[in-house]
Amino acid sequence: MLKRALFFANPHQLSLKNNQMIIVSKDDAQTTKSVPIEDVGTVVLENPQSTITLPLLNALSDNNVAVIFCGANRMPNAMLMNLDANTTQGENYRAQIEAGEPLKKNLWKQVVECKIRNQARLLTKIGKNGDKLKPYWMNVKSGDIENREGIAAKIYWTEFFGKQFVRQRTGADPNALLNYGYTILRAAVARSLMGSGLFPAFGIFHRNRYNAFPLADDIMEPYRPYVDEIVWNLLLQGETGLTQEVKSALIKVLHTDTKFDKVTRPLEIGLSITSASLVKCFNGEQKKVIYPLVE
């Protein structure tokens, strides 16, 4: 079932009653809404004056809801994730931890191939020269020892936004829009990994002692172009700042259609398909991670 993404830019009081999220506006106490907990997939808390009760946080965690807390700059700063989201996670953790380097290198090869291929398809979709990337997603070697991902990224961003654009976390616009969208995507990926019984802290390629979700950073790579497309369309509409409307549009990436071999599913559901296939790879049941292709 497609889950709802709730975004709170204004001050609200959030609590739990009868397994419903009770939403009360602090600007108008008469404005009260309720949402069934089982319908919620992502919650973004942006306004510093919002309050949320511990019973509600526990209920959201029990239902594997990705809760994103924003900092003083109104940018995503932290996530609440469930530590017991899958009945077989102990077994899956062991398979994940014991995965050998050949398997990890093969999995990363698949990630790089699909990421570059999706970047190429998106460029073609928006009228750019996606064929420039074809030599880079073809014949990627195990572990991407030739760093085709990095080389392709430079070509991709130049083709996408022009030679003057530099992709940085703190760079000029539209970096802020990309960063926001990627953070929402990252939270959804981490949620899907936990739901499939995997631990986001054990990465395939990404490794950083200060990064709690390296596996999410690995698995989200082929999905990044779905955020890029939304940012591209926002820019065409003249939207360059992180307004409330722009943030809402970026959160809707979770509902973007993703096309697999035989089915089309919303991105949020697509992530579950990818995560479930990754579990099978770790357990030796199959060799290929299932990713969608940009249409």
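The structure is a predicted model, in which local features need pLDDT of at least 70 and side-chain atom pairs count only at pLDDT 80 or more, while totals for chains, interfaces and linings use all residues. Residues are numbered from 1 along each chain as its sequence is written, and side-chain values use heavy atoms, without hydrogens and water.

**Helix 6 and helix 10**

- The axes (lines fitted to C-alpha atoms over the stretch in contact, with angles from 0 to 180 degrees between N-to-C directions) of helix 6 (residues 175-195) and helix 10 (residues 267-282) come within 9 Å and cross at roughly 45 degrees.
- Helices here are DSSP runs (H or I, at least four residues), numbered from the N terminus.
- The contact (heavy atoms within 4.5 Å) involves L185, A188, V189, R191, S192 and L193 of helix 6, and L267, E268, L271, S272, S275 and L278 of helix 10.
- These residues comprise seven nonpolar, three polar and two charged, where Ala, Val, Leu, Ile, Met, Phe, Trp, Tyr, Cys and Pro count as nonpolar, Asp, Glu, Lys and Arg as charged, and the others, Gly among them, as polar.

**Helix 6 and helix 8**

- Helix 6 packs against helix 8 (residues 224-236) at an angle of about 140 degrees, with the axes 9 Å apart.
- L177, L178, G181, Y182 and L185 of helix 6 meet R224, V227, D228, V231 and L234 of helix 8.
- By class, this contact has seven nonpolar, one polar and two charged residues.

**Second largest pocket**

- Helix 3 (residues 101-125) supplies five residues, the largest share of the lining of the second largest pocket.
- The lining has eight nonpolar, one polar and seven charged residues.

Methods:
Helix = DSSP H or I, 4+ residues; strand = E, 2+ residues; numbered from the N terminus.
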